[in-house]
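Please read the following briefing alongside the sequence and the structure.

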Amino acid sequence: MAIKETIDESIKWAEINADVLRSLETPRKAYWVTLAICVIMLFCGIAAETYQYNVGMGTAHLSNPHYWDMYLSSFVFWIGMSHSGTLLSAILLITQSNWRKPIYRFAEAMTTFSLLTAAIFPLVHLGRVWNVYWALPYVSDRGLWPSFTSALLWDTFAIITYLCASVLFLFVGMIPDMAICRDSATGWRKKLYRILSAGWTGTDKQWRNFRQAYLLMACFLIPLAVSVHSIVSTDFAASLNPGMHITSFPPYFVAGALFSGCAGIMTLFIMLRYLLNFEQYMTLEIFEKVCKLTFVIAMVWSYLNLIEFASVWYGHDLPNKEVLIFKATGPYSPIFWTMIFCGSVLPFTLAFKKLRRNLKLMMAVSLLINLGMFAERWMIIAPSLSLAFEPHQWAVLWPSIVQWGIVFGSFGWFGFLILIFVKIVPSVSMYEVKELVYHHRRELFHWDDKFILGIHSIDLQHKKLVRLVNELHFAVSYKRGRELLEKTLHDLSSYIDLHLDYEEKLLIDSGYPDFDKHKKGHDLFREKISSFVDRHNIGDETVQHELLEFLKGWLTHHIQGEDAHYVAHIDESEHKDEN
Amino acid sequence: MKTKRYLGLFSDFDKAFSTVMAIRGGDIPDLSVDDVTISSPIEHPEINDFLGKRPERISNLTLAGALFGLVFGFIFIASSQAAFMVQPLGGKPVIPLPNNFVLIYEMIIFFAIWMTFFGFLGMSGLFKNSMRIITNRPQTLYSERVSLGEIAIIVEVTDEQEQPLVHLFREHESLQVKHEDIE
Amino acid sequence: MSIKNLLENWSSYRRGSEGGGHHNYEHRWTMSINLDQCTGCNACSTACYAENNLAVVGKERFERGQAMHWMRIERYWDQPEEEEYPSSGASFVPMMCQQCGSAPCEPVCPVAATYHTPDGLNAQVYNRCIGSRYCGVNCPFRVRYFNFYSYYEDAWPEPLNQQLNPDLSVRDKGVMEKCTFCVQRIRVAKDEAAMDNRKVKDGDVVPACVQTCPTSAITFGDALDPESEVSKMWESQQVKRHTYKQKKKDPNLRGYRIFEEMNVEPSVMYMERIRDEKV
């Protein structure tokens, strides 16, 4: 596990505080413009919903057979978007990917607010909204309970659990940052942060319990997120309609959710980086990693999509096959092909470094990917309902402006919540960035351009050597256990042998005149290393630090000294060979 | 009897750790490392080497929460299904198990996470601190410079240990020393 | 109290329909429709409108699929190539709620607004419905109808509201509804039989569609009564209730249930129209 360089290591802790806290202050004009747009969208949604609430669901142009339309698909879309935070925050925490540290805060906020946005849709889509609490399992005076066999009720349980879990996870992760804000704030903000920081003072007892609690919550959040979207998929998979009744829906939906979430992270990343001037923390290296992750998940989703089509195509279930053909060639086909294009073809732009660095293009790509995913959710519902079992009720119907208005409003609601959040809570996690910077500064051996010799294979090997030395340093100083230490030591010594042999062979082949001297240096080095290893094997604990210091010194000296000497010679002999 | 609480601020971890090692080494008579607390802006991975192994008991609470969720979930759901015979379903059993598995899974995670959260607040002392904030009592000894990046060492001492401790702090280049009386 | 209930009845509560289920049926209302006799006149549909306070929604909403016809006549053309008499290819299927024994609409309602009565009917509880429409999505026959608007406000202007049937409610918007086999008439018949201290006879219960059909294409009765006309019809057509693979000894028998392979156990048997070329 090497600590890769993703943000500049020389940032001081106080500077991190200042930069991030500044983002909480008076925003720039673009922020107000974005906020205004979100509020307008929200009002559109509220107007549409008021109309629908007063007149009836018919204004949404729902019908028999189209009982479900954009409301359910938006619901699934927003639940899917909420998997961004879980992926970035919880899963990458477990895999110890440090590059998540500057960006996971807003991803987790995205999770919570996506869930709050998704929670609008069960309300909007019900015919009698005022009775929605009947779906909750409470002891009613009439002895009535909800029906536990219904997938919509499993949704209720799952989403309430997920909402609680992600709010708690977000809150717990925020506490040290809230303490920093409290210490620097004045006035009403100080009171707010004093409440939110729950009396955090940074003692070792608090940190110890914090780390354990955070990790445990992450461990539970991951199976929860997988189960939530699987349960949402059973809304469709548990019904009997062709095109919905597909067993691969749970993993398909989870993959689609991770995909949506990653694209959402990309969008918010670019937006927040610009709005809050976070270029130093939300670096392009981290963005590249997010893009690569999105690309991988795009391929997973495309594969699952493909096997869904393949299993229908090769099966004997005629209604299902007809629905698939209807999706691809019927009146809904433009939306189908938009989904295919945005979900499977467009992500290939994420595979090229030059395109990844073009932020405007990436913003457009991430928005289009989410458009494709929205289309995907709709394509699951509408064509299956259009071409279900009863032939008399086959019909092609399009949603009305009321539905569009409400869906539009949900985006406004989401944007509004996020924009308010980033002004109250720092969207870059200060204490995690400090940890990142601190660990990186403590890396023993920093690879520098001055170590580059120009011979590609040798440079690669030197780089790997430096990385192995750093891993050994990490294993030693962070007490990662005897097993890791043994393994790293073994890897290092065997790679040293490999590298020295390779170098010597290269020098022999090219007829290097000072070869004997060079080889003597190598042999001395080999002796020293084996004496260190022997001392380690008999249980000498102090040898590790000595070994590391020796390696660092020797490598620095040797690469820049003796190895540099033969560079010119190798170049010459290569040119001779070419000629 | 411990009468005073002292806070010494240091500019980085190394100085703070060397101070702790000095206390551990017995430089101050009768002062053990268990009376020492370190306040820092980040958690240092080697901190257990200096302060000794201290208990981490939240995982027990999480397990308790998960088990409770499992048992309570099943009893709650099965009983409500058994009680709600007013509207039975045709062709399905009254207590279907596949549905119940899904719901019990969610309840396990629900209770595990709430127990972890409350366990964290309780065991880390944050609950006590919050209660002090709400009831307007004085807070634990703390320096706001910790959030800026300095490390604080908090030690509880008796009257005799006071002077040696202050001397030790000054020796290790502390930036500030505060104290309060333990009520 | 409910935990005690749970422990005592555990084994019977765990039985699904294959094991006999937990329930005992008093009656089992069943229907049989002879498609050869159906002329597609829509009298049954109209009668249903009148009997059950169904609103006429108007042309625009009907075209959009928001109609409320609990009983609808589905018209299929199965001899399109017939040039001399193209209308001879018209088939009419009166389609209403099949009152499935293992109804797919029942388990999916989040608030249990639809359940199975001891009469074998699939009942919709209007007061409990919150309008999630999952039942409508899950019905393979698409015979569930949703109140998309508050029809009571403008569907029956004075004096039309005087024609409303007082035996059942006028539903508000946001509630799902469907054919109930004229449950209000079933209740009246059962009450009268109880008052006279006798059992319900075959012919006591006549739903509106059965009453109105000019060709008597629809037969209604109690399947648990072996002497009822409908039981005899089912038996003569060798259609059994509890299976989805009907094994018939005589291949010329016309009786079938729609979407048999869905295994939802419909209570309505259709008898296939005799095609001209067969005769």
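Chain A is divided into domain 1 (13–438) and domain 2 (444–578), with bounds that come from an automatic or database domain assignment, and 48 Å separate the centres of these two domains of chain A, taken over C-alpha atoms. This is a predicted model, in which local features need pLDDT of at least 70 and side-chain atom pairs count only at pLDDT 80 or more, whereas totals for chains, interfaces and linings use all residues. Residues are numbered from 1 along each chain as its sequence is written, and chains are lettered from A and ligands numbered from 1 in the order in which they are written.

**Chain A as a whole**

- The secondary structure of chain A consists of 21 helices and zero strands, where helices (H or I, at least four residues) and strands (E, at least two) are DSSP runs numbered from the N terminus.
- The C-alpha trace of chain A spans about 90 × 65 × 50 Å along its principal axes.
- Of the 579 residues in chain A, 47% are buried; a residue is buried if 20 or more other C-beta atoms lie within 10 Å of its own, exposed if 12 or fewer, and partly exposed in between, with C-beta atoms placed from the backbone.
- Among the contacts in chain A with a separation of 6 or more, 80% are between residues 24 or more positions apart, a contact being two residues whose C-beta atoms, placed from the backbone, lie within 7 Å.

**The sheet of chain B**

- In chain B, four strands form an open sheet in the order E2-E3-E1-E4, and the pairing is antiparallel; two strands pair if DSSP finds at least two bridges between them.
- The edge strands of this sheet are E2 and strand E4 (176–181) of chain B, each of which pairs on one side only.
- Neighbouring strands of the sheet are turned by 20 degrees against each other on average, direction ignored, where axes are lines fitted to C-alpha atoms, for helices over the stretch in contact, and angles run from 0 to 180 degrees between N-to-C directions.
- Strand E1 (residues 4–10) of chain B pairs with E4(B) in the antiparallel sense over six bridges, and B:Lys4 stands opposite B:Asp181 in E4(B).
- Helix H1 (residues 13–24) of chain B packs on the sheet, where it touches E1, E2 and strand E3 (151–157) of chain B, and its direction makes about 20 degrees with that of E3(B).
- Helix H7 (residues 159–171) of chain B lies across E1, E3 and E4 of chain B and runs at about 165 degrees to E3(B).

**Contacts between chains**

- The contact between chains B and A takes 55 residues from chain B and 50 residues from chain A.
- On the side of chain B that touches chain A, the elements giving two or more residues include strand E2 (36–39), helix H3 (58–83) and helix H4 (97–123) of chain B, and H4(B) gives the most, with 16 residues.
- That side of chain B divides into 28 nonpolar, 18 polar and nine charged residues, where Ala, Val, Leu, Ile, Met, Phe, Trp, Tyr, Cys and Pro count as nonpolar, Asp, Glu, Lys and Arg as charged, and the others, Gly among them, as polar.
- The contact between chains C and B takes 22 residues from chain C and 15 residues from chain B.
- On the side of chain C that touches chain B, helix H1 (2–8) and strand E4 (114–116) of chain C each supply at least two residues, and H1(C) gives the most, with four residues.

- Most residues other than glycine have a negative phi, and most peptide bonds are trans.
- The peptide bond from A:Asn64 to A:Pro65 is cis, with omega near 20 degrees, and A:Pro65 is found in the loop between helix H2 (29–55) and helix H3 (70–81) of chain A.
- A cis peptide bond with omega of about -5 degrees also joins C:Glu158 and C:Pro159, and C:Pro159 has its place in the loop between H6 and E7 of chain C.
- C:Phe181, a residue other than glycine, has a positive phi near 55 degrees, and C:Phe181 counts as buried because 23 C-beta neighbours lie inside 10 Å.
- C:Ser216 is not a glycine but has a positive phi of about 50 degrees, and C:Ser216 counts as exposed because 9 C-beta neighbours lie inside 10 Å.
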